[in-house]
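Thank you all for coming; I would like to walk you slowly through one structure this morning. Please have a look at it first, and then I will start with one of its links.

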Amino acid sequence: MGCGDFHCSRNALIALNTLYILVSIILISVAATAKYAAVVTSTSVIGGIIACGVFLLIVALIGLVGAVKHHQVLLFFYMVILVLLFLIEMFVSIACLVYSESKREDVITYGWEHQASNITKNEVQIQYNCCSLNGTNSPSDPSCSEVERCKHLTESECATKYPCLEQLDDLMHKALRSVGGVGLFFSFTELLGVFLTYRYRNQKDPRANPNAFL
């Protein structure tokens, strides 16, 4: 019995959709890390990856149900959605990989100045052992008194010596690279999913009526 038979196609599709579920969880978690690094509540590229992760999770569940039940309608829509998801995920992943340093800094600066609360800023300062964002101790920034490095320095000295921007940019860069690489690599497996689904839809279920071919 070759790998092109009904049972092999179904098992391959089930395994692939299980992989999609794991990949979607990885995309969501890594993108969430990048979002936290940006200290923002909305970043279009990062938000796009999170959306792709959530969408992929839903599509994978549809694919699992369709594969187990050999449901023609579910498998058809699964195949169409998978093609669209491949295109979206590929372009968003490429956008993550080519995100420039100046763009990252703009996003982090905007988030720090306009969206992050003082509580969030203080948590970032303590976690990354830094003070303020870019070397200037703004009156709107929280105190650096809880930062370990700043205990024997003035606020302005600590802000100049240990700004948070460099560390946040490094963290965001690594997160974007990771999520872009993962997203781009696994987006091509979605084409494999389309091929397996197309083949599986046109195979007979040996347990069904042999005269019926859906």
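This is a predicted model: local features need pLDDT of at least 70, side-chain atom pairs count only at pLDDT 80 or more; totals for chains, interfaces and linings use all residues.

Let me begin with the link of Cys150 and Cys158, which is left-handed, with -55° about the S-S bond. The two residues form a disulfide with their sulfur atoms 1.6 Å apart, where a disulfide is a pair of cysteine sulfur atoms within 2.5 Å. Cys150 counts as buried because its relative accessibility is 6%, and Cys158 counts as buried at 1% relative accessibility; buried here means under 20% relative accessible area, exposed means over 50%, and partly exposed is in between, with a 1.4 Å probe and protein chains only.

Residues are numbered from 1 along each chain as its sequence is written, and side-chain values use heavy atoms, with hydrogens and water left out.

How many disulfides does the rule give? The count comes to 3 disulfides. Another of them is formed by Cys130 and Cys164, whose sulfur atoms are 2.0 Å apart, and this link is right-handed, with 100° about the S-S bond. This pair links distant parts of the chain, 34 residues apart, since Cys130 sits in the loop between α5 (118–128) and α6 (155–161), and Cys164 in the loop between α6 and α7 (165–187); helices are DSSP runs (H or I, at least four residues), numbered from the N terminus. Cys130 is buried, with a relative accessible area of 0%, and Cys164 is buried with a relative accessible area of 0% as well.

Then there is the disulfide of Cys131 and Cys144, with sulfur atoms 1.9 Å apart. The torsion about the S-S bond of Cys131 and Cys144 is about 80°, and therefore this disulfide is right-handed. Cys131 and Cys144 are 13 residues apart, and each lies in the loop between α5 and α6. Both Cys131 and Cys144 are buried.

Which residues touch the most other members of the largest nonpolar core? Among its 39 residues they are Tyr20 and Leu168, and such a core is a set of buried Ala, Val, Leu, Ile, Met, Phe, Trp, Tyr and Cys residues joined through side-chain atoms within 4.5 Å. At least two residues of this core come from each of α1 (6–37), α2 (44–69), α3, α4 (101–115), α5, α7 and α8 (189–201). There is also a second, separate core of 7 residues, including Cys144, Cys158, Ala159 and Tyr162. As background, nonpolar side chains in soluble globular proteins tend to be buried together.

Lys121, in helix α5, counts as buried because its relative accessibility is 4%. Leaving aside neighbours within four places in sequence, Lys121 is in contact (heavy atoms within 4.5 Å) with Trp112, Ala116, Ser140, Asp141 and Pro142.

I will end with Val83, which lies in helix α3 (residues 72–97). Is Val83 buried or partly exposed? Val83 counts as partly exposed because its relative accessible area is 34%.
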